[in-house]
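Have the viewer open and follow along.

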Amino acid sequence: MRLPFHIIELLKRKSGNNLHLPSDCEFLSLDIESKTGIHIGTTTLKRLVGFTSDERMPHTSTLDIIARYLGYAHWDELSKIEEKGNSDFDISDDEIRSADLQVGVCVEVTYLPDRMLRFLYLGNRRYRVVESQNSKLKTDDEVEILNFVLHHPLLVICVHREGEQLGQFTAGRVSGLSSIRIISDYATQMT
């Protein structure tokens, strides 16, 4: 099975690798492992991006790893891009996308049992945690987040704390985010 074109393009963008040569899949394999902690073999990646003509279906777990690498909770969520098409004007109250935010906006999320986080958007998918209640994320952590989706776990691609990279973090793993909202006047609340 070859991955759909737009998903291969997402892999190229995420890895910074144009995937022109079969050997580029070795770099992609290492990058996926460094970001997710899980290894996908070079041969599998060659098959998925089209360097070999093998129509075997990959394991669901392999597709889930690719989805996690790209910032989605699982393959089903990523594959919905294909169902809707690669372009969509569908704006939902159930999702906040980093790409749609202005620098300085604050996003608040809650999840069970009694967790609350507020993130100040710094640009380029990066946020600073400005408030944390009962969460393992701490105030002043810098995190990278693609989107916030109501009733889905929050996937933090990378956490930086006091100059140290801690790796991925998932909030609301069981029941997802209970609420998401933009606090547009957060800066004035703080003064």
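Which helices do the buried residues of α3 pack against? They pack against α1, α2 and α4. Keep in mind that this is a predicted model. The buried residues of α3 themselves are Leu45, Arg47, Leu48 and Val49, and α3 is followed by glycine 50, whose phi is positive, near 100°.

Now for α2, which covers residues 24-36. This helix has 13 residues and spans 18 Å from its first C-alpha to its last, close to the 18 Å expected at 1.5 Å a residue. Its buried residues are Asp24, Cys25, Leu28, Ser29, Asp31, Ile32 and Thr36. Look down the axis of α2 and these buried residues fall within an arc of 165°, so they line one face of the helix.

| Helix | Glycine after the helix | Phi |
|---|---|---|
| α2 | glycine 37 | about 80° |
| α3 | glycine 50 | near 100° |

Next, the pairing of α1 with α2. Two packed helices are described by the angle between their axes and the distance between the axes. Here α1 and α2 pack at an angle of about 75°, and their axes are 11 Å apart. Angles of 65 to 115 degrees count as roughly perpendicular, so α1 is roughly perpendicular to α2. On the α1 side, Leu11, Lys14 and Ser15 make the contact, meeting Phe27, Leu28, Asp31 and Lys35 in α2. Sorted by class, this contact has 3 nonpolar, 1 polar and 3 charged residues. Leu28 and Asp31 turn up here as contact residues, and both are also among the buried residues of α2.

Finally, what about the loop between α2 and α3? Isoleucine 38 is found there. Ile32 is one of the buried residues of α2. Isoleucine 38 also sits 9.4 Å from threonine 62, C-alpha to C-alpha, with the two 24 residues apart in sequence.

Notes:
Residues are numbered from 1 along each chain as its sequence is written. This is a predicted model: local features need pLDDT of at least 70, side-chain atom pairs count only at pLDDT 80 or more; totals for chains, interfaces and linings use all residues. Side-chain values use heavy atoms; hydrogens and water are left out. Helices (H or I, at least four residues) and strands (E, at least two) are DSSP runs, numbered from the N terminus. The expected span of a helix is 1.5 Å times one less than its number of residues. Buried means under 20% relative accessible area, exposed over 50%, partly exposed in between (1.4 Å probe, protein chains only). The arc is that of the directions from the helix axis to the C-beta atoms. Axes are lines fitted to C-alpha atoms, for helices over the stretch in contact, and angles run from 0 to 180 degrees between N-to-C directions. Angles under 35 degrees count as roughly parallel, over 145 as roughly antiparallel, 65 to 115 as roughly perpendicular and the rest as oblique. Contact means heavy atoms within 4.5 Å. Ala, Val, Leu, Ile, Met, Phe, Trp, Tyr, Cys and Pro count as nonpolar, Asp, Glu, Lys and Arg as charged, and the others, Gly among them, as polar.
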